[in-house]
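Hi,

Here is the structure I promised to pass on. Have a look at it first, and then read on for what turned up in it.

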Amino acid sequence: MNKIVADIIISNAQRIPGHPAVIDQGREYTFLQYATRVQRLLDALVQAGCRRRYRVSVLSRNCAEYLEIYGACELGGFIAAPVNYRLTASEINYIVDNTTPSVLFYGAEFLPVVAEIRTPGTLYVQIDQGELPEWAVPYAEFIEGGESKIPDKLPAPEDPVYIVHTSGTTGNPKGAVLGQSAQYGTAQVISDAAGITRDDRFLLVQPLFHVGAKFLQLAHHLQGAAIFIQREFNPRVVWDTLQKERITTLQLVPTMIEMLLADEFAGSRDPARVKTIFYSTAPIRETLLRKALSVFGPVFIQQYGSTEGSSISNLTKSQHRPDGTAAQQRRLLSAGQACTGVEIKIVNSDGTVADAGEPGEIVVRHPDIMQEYWNDPVATAESISDGWLNMGDIGYLDEEGFLFIVDRKKDMIISGGENIYPREVEIALEQHRAVKQCAVIGIPDERWGEAVCAFVVLSGECVESELTEHCRTLIAGYKKPKKIHFVEELPRLATGKVDKVKLRAPYWQGQQTQVI
């Protein structure tokens with residue numbers, strides 16, 4: 001029988017009830033205490049009218065309650081639909097409207113946004129203390145009303161458990177539906193790759209609305225390891241926590257690694273207890289990786305995957321050989337080899353399988369990919385065919401099965417670990433009165449990996465700062481252009497489409513990672 005993520009909560013409470021499960025700013029819960037709180041929250045949700053497959057949304061920074069909400073959904077058969085708090089009110093409203101949650105949990109700091117998007121028929125629960133509106137209930141009171149009991153019937157392996165939204169090429173996010181057994185399988189793959197044990201102590205610094213953070217939380221709780229929650233990334237706090245809490249594992253995006261190494265106290269810190277650092281979401285510069293290896297040692301695991309595809313490939317600790325042979329050093333630029341149970345194909349434009357070293361579209365097949373895009377059968381059919389998921393990336397496999405990512409089929413920009421689609425930015429720019437035409441690309445950035453760059457044809461007078469501030473009112477701050485070029489016209493292909501390859505070429509020439 002296939003395992004489900006709900007089994008993790010029940011099993012840990014029974015086999016290691018007194019072992020620490022969640023530590024959040026002085027609050028510590030054992031696995032039995034964590035399971036008890038999850039069960040009480042689940043019962044409170046049932047009393048509030050939630051039933052299987054009902055959606056439950058969360059708009060909050062990382063906290064113990066966030067994991068309890070996830071856990072109640074996992075145990076009760078509800079679907080957790082986390083929301084990226086960095087988005088604007090209109091972007092958040094689109095996601096909430098797409099999933100129509102029965103309950104929305106939110107942090108007090110996001111009350112203005114929630115008040116703006118609030119709709120009848122949804123229950124609003126405020127997680128932390130602060131001004132409480134008359135239409136919301138406090139989390140502490142809500143969970144207090146529930147009983148601690150395991151449901152009579154657990155979710156089925158194929159039942160959906162999360163809807164995680166990813167950016168779309170048209171600017172509208174798509175909700176990837178992830179299943180119970182698939183997420184258990186993802187946790188197992190990650191746990192096996194890193195050799196996670198009950199004695200590990202994981203520092204969770206990535207936001208829990210990202211699947212990367214959720215995947216790693218599940219992988220550690222699968223083995224009974226403790227989770228230390230950090231509200232948001234702060235390099236000084238991370239260094240202090242590594243020391244104080246004897247952290248053994250953590251997950252970082254390349255930008256975080258760079259900020260850690262740049263901290264003025266980095267040289268005086270001892271990371272000796274750290275045995276595993278997962279890094280993912282964006283390409284890492286070879287010079288940065290080599291510097292990180294010199295500070296932390298051979299503890300790095302690169303993960304390649306996606307919300308839709310889960311874990312696809314790993315570059316393991318032993319494969320990080322900065323002083324190895326030429327072939328071994330070259331692999332530092334790869335995404336490693338396929339995870340257990342994962343098939344990877346490189347497909348040419350005519351549908352044939354590419355030869356070793358030949359770039360093409362990356363498609364993958366394994367039991368843990370997403371089920372569908374929520375309420376979007378067209379996008380689902382475009383992404384999944386005969387069980388094969390199109391990753392949307394261009395890459396190649398070498399003779400030994402190492403995967404190299406050389407481009408993105410779509411125009412997505414990855415800046416500081418966040419996915420940004422140019423069309424989102426273009427739509428925002430086009431709403432300004434003085435913008436006639438525009439095109440957005442990603443350009444290399446030493447700190448963030450990539451930065452948003454816009455080319456704008458004006459129909460009236462305007463300055464760069466005015467456009468930047470205009471974008472800030474429509475899209476999340478990290479999506480606004482970092483650089484704007486005013487041009488007379490945009491280069492175009494014979495089809496009339498903007499020639500973005502020509503726009504990118506001067507910036508990416510000579511770069512190790514080519515985004516053209």
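Predicted model: local features only at pLDDT ≥ 70, side-chain atom pairs only at ≥ 80, totals over all residues.

Just after H4 comes Thr100, which takes a positive phi of about 45°. The helix itself covers residues 89-99, and its buried residues are Ala89, Glu91, Ile92, Ile95, Val96, Asn98 and Thr99. What covers them? The cover includes strands E3 (55-59), E4 (79-82), E5 (103-106) and E8 (160-166), along with helices H5 (111-117) and H14 (422-430). Remember H14, as that helix comes up again below.

Next, the start of the chain. Helix H1 (residues 5-15) packs on helix H3 (residues 64-76) at an angle of about 105°, and their axes are 7 Å apart. That makes H1 roughly perpendicular to H3, since angles of 65 to 115 degrees count that way. On the H1 side the contact is made by Val5, Ala6, Ile9 and Ile10, and on the H3 side by Gly71, Glu74 and Leu75. Sorted by class, the contact has five nonpolar residues, one polar and one charged.

Then there is strand E1 (residues 20-24). Is E1 buried or exposed? Five of its five residues are buried, so E1 is largely enclosed by the rest of the structure. E1 runs antiparallel to strand E2 (residues 27-30), joined by four bridges, and Pro20 has Thr30 in E2 as its bridge partner. The two strands form a hairpin with two residues between them, and Gln25 in that turn has a positive phi of about 50°.

E26 (residues 449-458) pairs with E27 in the parallel sense over four bridges, and Val456 has Phe486 in E27 as its bridge partner.

Finally, two glutamates to click on. Glu361 is in strand E18 (residues 360-365), and its side chain makes a polar contact with the side chain of Asn390 at 2.6 Å. Apart from its neighbours within four places in sequence, Glu361 is in contact with Lys345, Ile346, Val347, Asn390, Asp393, Ile394 and Lys409.

The other one, Glu418, lies in strand E24 (residues 418-420). Why does Glu418 count as buried? Its relative accessibility is 6%, and buried means under 20%. The side chain of Glu418 makes a polar contact with the side chain of His210 at 3.4 Å. Not counting residues up to four places away in sequence, Glu418 touches Asn84, Arg86, Phe209, His210, Ile413 and Tyr478.

Cheers

Methods: Residues numbered from 1 in each chain as written. Heavy atoms only, no water. Axes fitted to C-alpha atoms, helices over the stretch in contact; angles between N-to-C directions. Parallel < 35°, antiparallel > 145°, perpendicular 65-115°, else oblique. Contact = heavy atoms within 4.5 Å. Nonpolar A, V, L, I, M, F, W, Y, C, P; charged D, E, K, R; others polar. Buried < 20%, exposed > 50% of the residue type's maximum accessible area, 1.4 Å probe, protein only. Polar contact = N/O pair within 3.5 Å; in protein donor to acceptor, adjacent residues only side chain to side chain. Pairing = 2+ DSSP bridges.
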